[in-house]
Amino acid sequence: MPEPMATAWTDIVRRNLAGFTRVPARAAGRAAAVTVCVLDAERDATILMIKRAPRGLNSGQWALPGGRIEPGETAVEAAVRELHEEVGLRLTEQDVVGQLDDYVTDSGFVITPVVTMTTGSPRLQRNPAEVHSLHRIALSRLVSAELPRWTTTAAGPLLQMPLRSNMVVHAPTGAILLQFREVALLGRSISVADLLEPEFTRV
């Protein structure tokens, strides 16, 4: 699959998300928001991934920056706040370019993915209480023909998103990344609501 020019990603993502109608969750649950944060969109074009600190909720797992939506907050407000608290990046609602479908997890969270974009490469500062490490994944990797990958389990096909040799991401984060790839980067409609989660993510 040919890689779009890095300078075109800004227009591609904005155009594709502008034409996308998201599906809100029908089920109730604990509301949360995550940020699919596109950095340096006009040059190297990467998304920001984090590895959770080895303690607390989802310890040691690959994730997108995010957390619970506080009373009185919108999903966008929560996503922007959590991004700043976890990685030191202060964005505004003007940096938000769209939202993806809500994803309802097996553990009872309703996650709203918020897509943001910067045209520069800002300095990041992880919060060690919540984040073990920060990682930038090229958008060219997300549109690689090697993704997505599936493995067979007794419960059905299980999504795997191998972003690096030592970084394989499953649902729910993997599901959100898959929809971002298909909708925002490739302009194709896809639902990820029914994708299975591995047992270790159900905490």
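Where is His 170 found? The views below start there. The model is predicted; local features need pLDDT of at least 70, side-chain atom pairs count only at pLDDT 80 or more, and totals for chains, interfaces and linings use all residues. Residues are numbered from 1 along each chain as its sequence is written, and side-chain values use heavy atoms, without hydrogens and water.

View 1. His 170 lies in the loop between β11 (167–169) and α4 (173–185). Helices (H or I, at least four residues) and strands (E, at least two) are DSSP runs, numbered from the N terminus. His 170 is buried, at 14% relative accessible area. Buried means under 20%, exposed over 50%, partly exposed in between (1.4 Å probe, protein chains only). Beyond neighbours within four places in sequence, contacts of His 170 include Leu 158, Ala 175 and Phe 200. Contact means heavy atoms within 4.5 Å.

View 2. Strands β9 (residues 149–153) and β10 (residues 156–164) pair antiparallel over five bridges. Pairing requires at least two DSSP bridges between two strands. Thr 152 stands opposite Pro 157 in β10.

**View 3. The buried residues of α1.** In helix α1 (residues 9–18), the buried residues include Trp 9, Ile 12, Val 13 and Leu 17. The buried residues of α1 pack against β5 (96–99), β7 (109–117), α3 (139–142) and α4.

**View 4. The largest nonpolar core.** This core has 43 residues; Leu 163 and Phe 180 are among those with the most contacts inside it. A nonpolar core joins buried Ala, Val, Leu, Ile, Met, Phe, Trp, Tyr and Cys residues through side-chain atoms within 4.5 Å. Helix α4 gives the largest share of this core, eight residues.
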